[in-house]
Amino acid sequence: MSTIKSQPIKEAFIQSIREKQHDKQTALFSYVEKIDWMDSLQFYKCGRALYAGERFFWKDRDGEVEIVGLGNIYTVRNENKDQSRYTAAEKKWNDMIESAFIHNSFDAYGIGPVLFGGFSFDPEQRQEEEWSTFSSAFFYLPEYMLTIYEGECYVTTNVICPSDELEELIDKLEVKKDCLLSQVNIERSEEGTTLTSLEEKGREQWKQAVDQAVKQIRLDGDLKKVVLARKIVANFDQEIAHDQVLERLIEQQPDSFIFSLEVMESCFLGASPERLVRKRNEIALSTCLAGSIRRGQNDIEDAALGNELLNDQKNRIEHDYVVQMIKKEMERLCYTVNIPSVPGLMKVRDIQHLYTPVTGFTEENRSILQFVERLHPTPALGGLPNEKALPVIRQLEGMDRGFYAAPVGWMDYRKNGEFAVAIRSGLLSKQQAFLYAGCGIVADSEAESELAETRIKLRPMLRALGEIAHE
Ligand SMILES: C=C(O[C@@H]1C=C(C(=O)O)C=C[C@H]1O)C(=O)O
Ligand SMILES: [Mg+2]
């Protein structure tokens, strides 16, 4: 399938190993080839037989970049509870890249050595059973990766080995790769699962927590906003077919980031409209997304609701806290930052939000993880100020968010990448799905309408699980 044969790649590696007088050391060897068109989901599904539990999927909301990874050949993880979780992950990745041999002659994003994964929302929160295979920082480097960038397909092959074993290994990897690329869909037909129960236990407690947060905000002069989330657990009659849920998310949510991160028997996936940060060389993008209203039944109602949202004081304040913080942090990292002075609307299938895009110009060599470190959690998911909001969340929410509301995405070997804020998401684990949704609570919030907002935010995952049948 691939248009470039492996021979020149082997020769190129051997030559650069010689030039560097590399002396048989173990290193990462990574090579990129352009291939004929291949569907990303198809590649993901084809990888199930060999790589179940070690696959990831990424599609950005602009439809520019899709990345699918198969096989975990190198894990970057740590359990650090402070900001060193970012710097430690960065260091481990840099060390690997420094000694790597990379054969990439293409001008595209998301190719070559790429780490995929994310950070937990709050490493200080006690961990619950369902998140036990995730860490406070968790990424992996795939063996094979398909990238679709601006309509062109690329395959990256990664191998970590002593250089004198490289030739033999490349031959083996080529055979496996050709097999993955030429496979027609060999998935066993997955039977649809049936929901047996939906546990929504904490609804009343959650409303009380909202009232409590409102009280604290009104009493405390500094605390302006606290984002409170709740979890529902859906139990199924058999193991949930991850691939089917992912396929439905792709179909049903064309305007969102679609991600899936398999970690052993669990799969964290979702369809998020919210970008935390994208960095391509000197350009960094972020997004302020907060303030919500439902979609209308028809265009007229929908536009009226959008207008209502744009003019609603409570939602504008809720949104503005996010703008203040992101602006401040982006200005620390960028030479110039452009932000429109008033928000617009972002509409996705079930909901519309107040939306302010942020563009910054930065040093090309600044790492995307520095942005993640400074931006997460924004007041769209944490609160304002964070140091006051996070303890309130820990106390009032009383649950482990895991990777929900946290940065999930990828970074390459050139300090570029993209992270979404992993909302509208869920963790699939055998016969259970843990689904999460939250709301920004400000001084004028009302518990009942915030609860209604969480119901709307749960819809994308419930629909992908087949639980919203008629529309
Ligand atoms: C917390 C969530 O969403 C966030 C909260 C919003 C709000 O309260 O208006 C809007 C967008 C997101 O930043 C979620 O979807 O779970
Ligand atoms: Mg809200």
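1. Helices (H or I, at least four residues) and strands (E, at least two) are DSSP runs here, numbered from the N terminus. Counted that way, the chain has twelve helices and 21 strands. Keep in mind that this is a predicted model: local features need pLDDT of at least 70, side-chain atom pairs count only at pLDDT 80 or more, and totals for chains, interfaces and linings use all residues. Residues are numbered from 1 along each chain as its sequence is written, while chains are lettered from A and ligands numbered from 1 in the order in which they are written.

2. Overall size first. The C-alpha trace spans about 70 × 55 × 45 Å along its principal axes.

3. Now the domains, whose bounds come from an automatic or database domain assignment. Domain 1 covers 6-182 and domain 2 covers 196-464, with their C-alpha centres 27 Å apart. Contact (C-beta atoms, placed from the backbone, within 7 Å) links 41 residues of domain 1 with 47 residues of domain 2. On the domain 1 side, α2 (40-46), β2 (55-59), α4 (84-98) and β5 (115-119) are the elements that give two or more residues. That side divides into 19 nonpolar, ten polar and twelve charged residues. For these classes, Ala, Val, Leu, Ile, Met, Phe, Trp, Tyr, Cys and Pro count as nonpolar, Asp, Glu, Lys and Arg as charged, and the others, Gly among them, as polar.

4. On to ligand 1. There are 18 residues around it, and Ser292, Ala380, Ile423, Gly438 and Gly440 come nearest; a residue is near if its C-beta atom, placed from the backbone, lies within 6 Å of the molecule. β9 (225-236), β13 (283-294) and β21 (432-441) are the elements that give two or more residues to this shell. By class, the shell around ligand 1 has ten nonpolar, five polar and three charged residues.

5. Ile326, Glu329, Arg332 and Leu333 in α9 meet Gln370, Phe371, Arg374 and Leu375 in α10. Those contact residues divide into four nonpolar, one polar and three charged.

6. Finally, some backbone details to check. Most residues other than glycine have a negative phi, and most peptide bonds are trans. A cis bond joins His376 and Pro377, with omega about -10°, and Pro377 sits in the loop between α10 and β17 (383-384). Another cis bond runs from Leu384 to Pro385, with omega near -15°; Pro385 is in the loop between β17 and α11 (386-397). Glu150 has a positive phi, near 45°, in the loop between β6 (137-149) and β7 (152-162).

Conventions
Two residues are in contact if their C-beta atoms, placed from the backbone, lie within 7 Å.
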